[in-house]
Amino acid sequence: MIEAVKILLIEPSYIIKEGLRSALGRFGLSFRIDEVDEVKENLVLTLEKFTPRIVFANHRALETKWAGNRSAAVFDEVLLVGMYNEKVPLFEMARYDEVLCIEENKQQIISSLQNILKKAGLLSNESETENLSEREREVLRFVALGLTNNEIAERLFISTFTVMTHRKNITRKLGIKTVSGLTVYAILNKIIESGEVNAF
Amino acid sequence: MLINEEMKMAEVIHLNHHLLHVINRFGIQLGYGEKTVKQLCAEHELPLPFFLEIVNTFHDPSYFPVDAMLRFDAALLIRYLQQTHAYYLEFRIPEIEQYITRLTTDESWDEAVKRLIRDFFHQYVFELTQHIKREEDRVYPYVLALAHYLETGQGEKELVESLMHYSIQEYENEHDDVESKLFDLKNIIIKYIPRPKDSRILNLILHELFELEDDLHNHSHIENMILVPIVERMEKEFFALTRNGRHD
C-alpha cells in the first residue's frame with residue numbers, strides 16, 4: 001500500500017465535494033480526503049491540523065479573512081488549489097498555486113486535475129520513459145543479489161546517495177517496493193539467474 | 001450514507017456487502033429477518049455506539065470517529081481486532097492458498113514462474129503472520145494491562161515494564177512493510193508475469209489480493225483511528241496517576 005496522500009476539501013456543497021472525490025478516484029492513487037465546509041477564522045490553524053499535501057478550496061469559503069498571505073511555514077508543503085466559478089474575477093485567483101473552474105465539463109476537469117496531481121509530484125510526466133536505464137538495471141541487479149546501498153556504491157564507484165536515488169527511481173518506474181519483490185522482477189526479466197540468489 | 005441504529009441489518013448489507021465480514025466478527029450471523037441494527041446489537045449484548053463506530057469507520061473512509069469512542073472498552077475493541085486476525089489467518093489466507101495450489105499444479109505454466117509466485121506469496125504470509133503475532137503477544141496484552149490498571153489500580157510494575165518495550169506510536173509505523181509486500185505481489189502479477197496462455201486463475205488470485213488489501217487497509221484504519229487514540233488517552237491518565245502517587 002502506497003502511503004495515502006492527504007487532501008483537504010474546503011467546500012460547503014455536498015454535490016461538489018462528492019463530485020471531486022469521484023473525479024479524484026479516477027486516477028488510481030490512494031488518497032485520504034478530509035473535509036470542512038468553510039474556513040472563516042484561521043487557515044493556518046486548519047492546515048496545521050490536517051497537514052494536507054493538496055488543498056481544494058472553494059474561493060468563497062475562504063474569501064473574507066485570508067487575503068493571500070502565505071508567509072506561514074505550513075504553506076511550503078501545501079499545493080493550494082482555488083475552486084471558482086465564472087462569477088469570480090480571475091485576478092482574485094492569483095493567490096492560489098492552481099485553479100479549478102467547477103463549471104467546466106468532464107474532459108476539462110480531468111485534465112485540470114491531472115495537471116494539479118503532476119504539479120504535486122503524484123503523477124509522472126508522460127514524456128519520461130518508464131524503462132529502466134542501463135545504470136538502474138545494474139543497481140537493480142545488485143539489490144536483487146542482496147547487496148546493501150554501501151556495497152553497491154563501492155562496486156559502481158558512485159555515492160550512497162546516488163544509489164538511493166537510483167533505487168527510488170527503480171521503485172517508481174516498476175511499482176515494486178520491497179527487495180524480495182525486486183528480486184522476483186530481476187529473475188523474471190533475466191537480470192539475474194534464480195541460482196545466483198540463495199536468500200529467496 | 002452512514003449506518004444508523006434504526007436501519008434494518010438487511011438494508012445495511014444491501015448498502016455495502018463488504019460489511020458482512022465485519023458484522024460476522026461481532027458474532028452476528030446471517031438470517032437477519034426484519035431486525036434492526038439496534039435489535040441485533042441488543043440480542044448479542046453489544047454496545048450499540050461501539051458497533052456503529054466500527055461499522056461506519058469501515059464503511060466510509062472519510063468517517064471520523066466521534067470523541068465518545070475514547071471511552072470505549074479497550075477489551076471489547078481488542079476482542080474485535082483478534083476476531084479480524086483470526087478471519088485473515090483461518091479463512092482468507094487459506095482461500096488464496098487454494099488458488100495458488102491450483103496454479104502450481106497447472107501443467108501449462110512455467111515451473112520457475114510458478115515457484116516464484118508461490119514463494120513470494122508464502123513469504124508474504126509469513127510476514128503477515130509474524131506481524132499479527134507481534135500485535136497479539138505484545139501490543140494487546142499491554143493495552144489490556146493498561147486498562148486493567150486504570151480500572152483497579154493493580155499491576156503497575158508489570159505494566160511499566162511492557163511500556164518500556166513498546167510505545168503505541170511505534171506500532172503505527174509497523175504496518176507499512178507488510179503492506180508493501182502485498183502491493184508488490186499484485187504488481188508483479190499484473191505487469192511482469194510472462195504472458196500466460198490463460199490468465200483466469202491469476203485473475204482470481206488478483207481479485208482475492210485486492211479484497212485482502214482493502215480489508216487490511218480498513219483494519220489498520222480502525223486501529224489507527226480508534227485503538228491508537230484510546231491507548232494514548234489511557235497512557236496520559238496512567239502517567240498522571242503515577243506522577244501524583246495515587247494507587248501506590
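Start by selecting residues 149-156 of chain A, helix α6, together with residues 160-174 of chain A, helix α7: their axes lie 8 Å apart and cross at about 105 degrees. (Axes are lines fitted to C-alpha atoms, for helices over the stretch in contact, and angles run from 0 to 180 degrees between N-to-C directions; helices are DSSP runs of H or I with at least four residues, numbered from the N terminus.) That angle makes α6(A) roughly perpendicular to α7(A), a label for 65 to 115 degrees.

Now show the side chains. A:Asn149, A:Asn150, A:Ile152 and A:Ala153 from α6(A) meet A:Thr160, A:Val163 and A:Met164 from α7(A), where contact means C-beta atoms, placed from the backbone, within 7 Å.

You're looking at a predicted model, in which local features need pLDDT of at least 70, side-chain atom pairs count only at pLDDT 80 or more, and totals for chains, interfaces and linings use all residues. Residues are numbered from 1 along each chain as its sequence is written, while chains are lettered from A and ligands numbered from 1 in the order in which they are written.

Next, where do chains A and B touch? Here 18 residues of chain B are in contact with 16 residues of chain A. On the chain B side, select α6 (111-152), α8 (168-192) and α9 (200-244), which each supply at least two residues. The largest share, nine residues, comes from α8(B).

Last stop: colour chain B by domain, with 9-63 as domain 1 and 72-244 as domain 2, bounds that come from an automatic or database domain assignment. Their C-alpha centres lie 22 Å apart.

Conventions: Angles under 35 degrees count as roughly parallel, over 145 as roughly antiparallel, 65 to 115 as roughly perpendicular and the rest as oblique. Two residues are in contact if their C-beta atoms, placed from the backbone, lie within 7 Å.
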